[in-house]
Amino acid sequence: MVIDRLRAVVNLDNLIYNYELLKKLNQGKEIFAVVKADAYGHGAKMCSLYLQKHGCNYFAVTVLKEAIELRDSGINKEILIFGKTDPLNSSYLVEHDLCQTVFSYDYAEELNRYGKKIRVHLIIDTGMSRLGILYHKEAQIDNVVNEIKKISKLPNIEIVGIYSHFVSSDSDKELTAYQQKLFNELLKRLKSEKISYGLVHLQNSSGVVTIKNIDYDLARCGIALYGYPPVKTEDKFLPVMSVFAKVISLRQIEAGDSVSYGRTFVAKDEMTIATIAIGYADGYMRILSNNDYFYYKGYELPVVGRICMGMTMVNVTGVEIKEGAEVEVFGERKLLEPMAKRALTITYELLTNLAKPRIDKIYINK
Ligand SMILES: Cc1ncc(COP(=O)(O)O)c(C=O)c1O
């Protein structure tokens, strides 16, 4: 079947380039490739297989289903689940040799009841207030150590890692340093009490880019792997995905004619309108109505009127363009960061919005 609407071109060489760059910035240490949400919309199976082929030994996802899909696709390296797996699904963890994040003694105890060894990474909440053993203040360290001690005594729970997650490593140096200090103090205490905790990891993408001289075993990187470090940096990351959508219809309209639902755009003069095969059901956010453009052969084609579920109209007046032509929604020639600003969101959301089966992905590499 030919591609009749839109396609995402995923450049696997750029993915590996970013991966190698992150490893270099992380002092040669390994990277947990964060491939949750279908590798931020890039296709978890293909991206993970290519990363594995190029030496990546660690993968992270949020959901058990994502982890099983990776195993079934041929990923035979470590797969960590960030989210909560229902203890009733413990058999899947064992059967697929997956690693589960554990955030409390109670949860660990429930997993322990399954009766077979489950490998876990502990998560410590040093400020996110999301998941993890609560440790926002130095005074809470004894509780944390006691909780971990209890977990470490569960016969079917094997602690193979420990981590925490930065709140604002892209914007708040002080808080980031405080989280790091809490985390380091904890590691020191665990060491002195001879509680083994396995691999240590703390940084995300912005942590790797901004903090030098951290000496943990690994870092967990998502967004920079795909080409978009969330902080300004001299290091050049390369965008991995470009999205192209087809012109499916063209029309001339006259002054006074409106475009799309709600008449939010009314033509002042005669103009040429192209209908593009992408809409909010494809992840192209409706908030970009009258507030974005598509790239075509040096032209910026402004979006006019409201974005529809599967179509968007652009102004192509004076541009030589035909039905079947492809415009760039974002990628190498149209940058994602300013588009995310216009959509009042972050690159993460624009990318993960594209994790949809209705978007064909084409993978390229040398
Ligand atoms: C626990 C955890 N670690 C690492 C990451 C990767 O973060 P980033 O994409 O900013 O590198 C995420 C993603 O949000 C996460 O939830």
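This dialogue walks through a few features of one predicted model.

Colleague: What should be kept in mind about numbering and confidence in this model?

Modeller: Residues are numbered from 1 along each chain as its sequence is written, and side-chain values use heavy atoms, with hydrogens and water left out. This is a predicted model, in which local features need pLDDT of at least 70 and side-chain atom pairs count only at pLDDT 80 or more, whereas totals for chains, interfaces and linings use all residues.

Colleague: Is Val102 buried or exposed?

Modeller: Buried means under 20% relative accessible area, exposed over 50% and partly exposed in between, with a 1.4 Å probe and protein chains only. Val102 has a relative accessible area of 0%, so Val102 is buried.

Colleague: Which residues does Val102 touch, not counting those up to four places away in sequence?

Modeller: Contact means heavy atoms within 4.5 Å, and the residues that Val102 touches on these terms include Tyr107, Leu111, Val120 and Ile151.

Colleague: Why does Asn353 count as buried?

Modeller: Asn353 counts as buried because its relative accessibility is 18%; leaving aside neighbours within four places in sequence, Asn353 is in contact with Asp282, Gly283 and Met285.

Colleague: How many disulfides does a search of the whole structure find?

Modeller: A disulfide is a pair of cysteine sulfur atoms within 2.5 Å, and the search of the whole structure finds 0. The closest cysteine sulfur to that of Cys47 is in Cys56, 11 Å away and therefore too far for a bond. Cys221 is likewise in no disulfide, the nearest cysteine sulfur, that of Cys56, being 10 Å away.
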